[in-house]
Amino acid sequence: MSREIHSCDLMVIGSGFAGMAAALFAAQNGLKTAQAGSTGGIDFSTGFIDLMAVHPVSEGTVWDNPFEAIRAVSRDCPDHPYARLSEDEIRTGLDAFISFLGSHDIPYTGDPDANVRIVTSAGTVKPTWRVPASAWNGVLALREKAPTLLVDFHGLKGFSAAQIRENCAPVWPGLKSVRLPFPASRGELYPEHMAWAVSDPRNQEALAASVAGHDTDAEYIGFPGVLGLLAPMRVVKRLEEMTGKKIFEIPTMPPCIAGSRLRGAFDRGFPDLAVTTFTQKMVRQAVRLKNGIFEFTVGTGHGATTVRAKNAILASGRFFGKGLTADRQRIRETVFDLPVTQPENRTLWHREHFLDPRGHAVNSAGLSVDESFRPVDENGIPMYNNLYAAGAILAGQDWMRMKCGAGLAIATAYRAVQEIVSKN
Amino acid sequence: MNIQTQVLIIGGGATGTGLARDLALRGVTCMLVEKRDINAGASGGNHGLLHSGARYVASDREAARECREESEILKRLAPQCIESCGGLFVAVAGDEENYVADFADMCAASTVPARKIDIQTARELEPVLSDRLIAAYEVEDGAVDPFMLSLDNLAHALTLGSSARRNARVTSFDIVNRSIRSVRVLDENTGGEFIVEPELVVNAAGAWAGHVAALAGAHIEVLYSMGTLLITQDRLAGRVINRLRKASDADILVPGGTVSVLGTTSVRVDDPDHYRPTVAEADRIIDDARAMIPVLETSRYIRAYAGVRPLVSRGGGGDDRNVSRGFSLIDHTSDQIDNFVTITGGKLTTYRLMAEKTADLVCSKIGVTAPCLTRTEPIPASDMGMWTEPGKAPRSWVEKRNEDDLVLCECEMVSRSAINDILNNMQNMHGRSVLKGIGLRSRVGKGPCQGGFCGLRVTGHLYDTGHVKGERGIAELKAFTERRWRGMVPVLWGAPAMQAELQEALYCGTLDLELHPVTLNTDKGEDK
């Protein structure tokens, strides 16, 4: 049986932030684009878009201005991917990404050139760059230390308003908490079901009625991040009308609805941009033909497709995204078996303490790239002139500690796409 | 006010808790003080193997016979703590053939049952065995849950009128005229002190026995041998599998409910408070054991852990009783202290016998004639120990399914109501980490997520129920996470590397816990 063959200008491998951004920018630039990847980073996202906040990580220095932080890290860590990008590129890429989300019912808010502080589901306060508009009132309430009521629900585990209240008390004494039954449910609740239920106007009314009378002095009311599956601002606005309070969401423990919303926005937006998506399918095999074209096998068995692509962007993530894999001896790249810059042996991968401020060396392992974001060999020579890499798989960064995950993914994807566009 | 008791037991491991029960059954009331928590030392850091005795038939015939007798007693009297899974001894091509040839005779000489089976049968019984087997024997090994055993022993002693204090560290002895008059104990959490006035003191501090003895001016030379073990994600074999060779490293695989435990090693360490399993040891164990069980090369490991065995070079001094070479029972009369006894060394399998011999000595010294009852009296299953049993939580959740209950630990199916049961049973935490206490008393944090998700959920529940306030819960979560991390580092490749990255993405990438300055400083010694 001969398999269907799909031809394109660009194959994007990965469907996390970097993969989504690469497919988006490529399609917007008129490239015939295909994308494959399974559940990735975006599904575990809280919806916050970090750009850059902590450098040096060993000092835990938090920067208010992410662009100053990027300049500092580019100066101090020349192997950091940000060191290869201009501020203009970073801004343009992020603006384009955020604007796409805004046009698909997930508007974002933030301060022009400053990180904002926002409360997490653990009750910690973290810096980030842009937050979904449905979470923005939480930033303002914290900033103003405003009287605020935080609601959680019987049956929703991993989200304790009491925990958030207790941990925020020193910086936000006006925060109170209440646990309520979720409208028309009992037993164990799952964020996805709750988000669907809240999309129903009758449940919105029940929710508004159930908070009425609790702490009437509050200016703001915060909820777990389950206010609607597709268009949270519609639910937020409706609740604000009914309660007369300013409403916000705090994302629940990942995987949470914020991630599903992001994925949903791309699922809805990509068909119009003519991106061919192989959802929940991995690239199983990669061959480079004599003419330089890549031939990929996507998926397995009868569902497998052959994709021929003039260029490829590897945005397959790290271990969790399955872009990297490790055995007892070494770390490998999974699709092309590209050289991985890594510590000499496994004893150097991790530190004794999980929360060691310096971070773990394994997290800075990854693909080294040239100025055009093409993976290189030990001598700095590009492996292939039409293969690019973007996102967390890149060496020289620690997105978890530097708080640069989404920003780095989007900005490097933007650059990789620009390189391909400028060649054509 | 000073606390008066007949016997003060220092150390809450298998021996100390077993001794508390033995004495309580003889009508002697005890107070047990433990500087950390139940089984925090070697009693918790071992294979969980109930030895048939076959492992010792070459090296120590007496120990082999003791293991055989004691394992039979425990299977009968504490069935809730034991899985009588049986065991195999197998040799592979290249193993010493003389040892293999002598094995049956050595077992017979020690009265340890061992039945030769053909290689085909052995591989049918346990398909993970290598196709390069050259000999196989069936023995009566079992698996024991050491946490449940110690908790059940202690619970029984408490119901008989004894008392126990955890996180209580002995700091000094007041000795007058060759006799300990009082013992000063520091409550590690509150920083407060209390004084115990016992008739007699038993030092059952395991690897720390030398430290405790020194406080009383007695000298015991203790060397520390660290043994590392690896836990596989799945249960690889139904039975205990032993390498049929002279006792060595990495030659035993023991089932523990839904997992298997592989080990061990023996590395000298200088300090029983500072050791951790390493990458190099994990690799050494797998490199060696895969000859017997090839799938160990590709198995997924959940974590590594280690225990420190005390090796006492002064054995049996000052005591002429029938003491096995496996443990040391020391009457410190020879050190000019008449009411001070040390029991240390030994094996988990023979803890009851050690407790019996110690209690015999104690009773003879304080003039009690009641006989030992632990050979015949069953150990009641307690609420304290029940949630450590693998599979117990999911069974209970299915049986007692309440629509409003939640599963807080999804890997091991531990429900909110099970956590509440545990919380009700550990009311006297005196400021100790509640989360760590739950971890010790349940399967929380033991599954593939290693606490990454359930740690967060249980912490939320502790806030909801008022068990923690302020930033205390986050501090406990961080300490709990660091404790799990120690055991993860040696096995972080393959799927566990993915899991660890997810956890760091969650804890650091999303929640910024590494930037949150709060730490637990009260759990000295346990969260270093």
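Tutor: Start with one residue in this predicted model. Setting aside neighbours within four places in sequence, Leu85(A) is in contact with Ile90(A), Ala411(A) and Arg415(A).

Student: How far apart in space are Leu85(A) and Arg415(A), C-alpha to C-alpha?
Tutor: In sequence, 330 residues separate the two. Leu85(A) itself sits in the loop between helix H2 (66-76) and helix H3 (87-102) of chain A. In space, the C-alpha to C-alpha distance is 7.6 Å.

Student: Is Leu85(A) buried or partly exposed?
Tutor: Count the other C-beta atoms within 10 Å: Leu85(A) has 19. Buried requires 20 or more, and exposed means 12 or fewer. The count falls in between, so Leu85(A) is partly exposed.

Student: What radius of gyration does chain A have, against that of a compact globule?
Tutor: Chain A has 424 residues. A compact globule of that length would come near 22 Å. The model agrees, because chain A has 22 Å.

Student: What percentage of chain A is buried?
Tutor: The cut-off is 20 or more other C-beta atoms within 10 Å. Applied to the 424 residues of chain A, it gives 53%.

Student: Which element of chain B gives the largest share of the side that touches chain A?
Tutor: The contact involves 42 residues of chain B and 41 of chain A. Helices H7 (279-289), H12 (454-464), H13 (472-488) and H14 (494-510) of chain B each give two or more residues to that side. The largest share is eleven residues, and it comes from H14(B).

Note on methods
Residues are numbered from 1 along each chain as its sequence is written. Chains are lettered from A and ligands numbered from 1 in the order in which they are written. This is a predicted model: local features need pLDDT of at least 70, side-chain atom pairs count only at pLDDT 80 or more; totals for chains, interfaces and linings use all residues. Two residues are in contact if their C-beta atoms, placed from the backbone, lie within 7 Å. Helices (H or I, at least four residues) and strands (E, at least two) are DSSP runs, numbered from the N terminus. The radius of gyration is taken over C-alpha atoms; the globule rule is 2.2 Å times the number of residues to the power 0.38.
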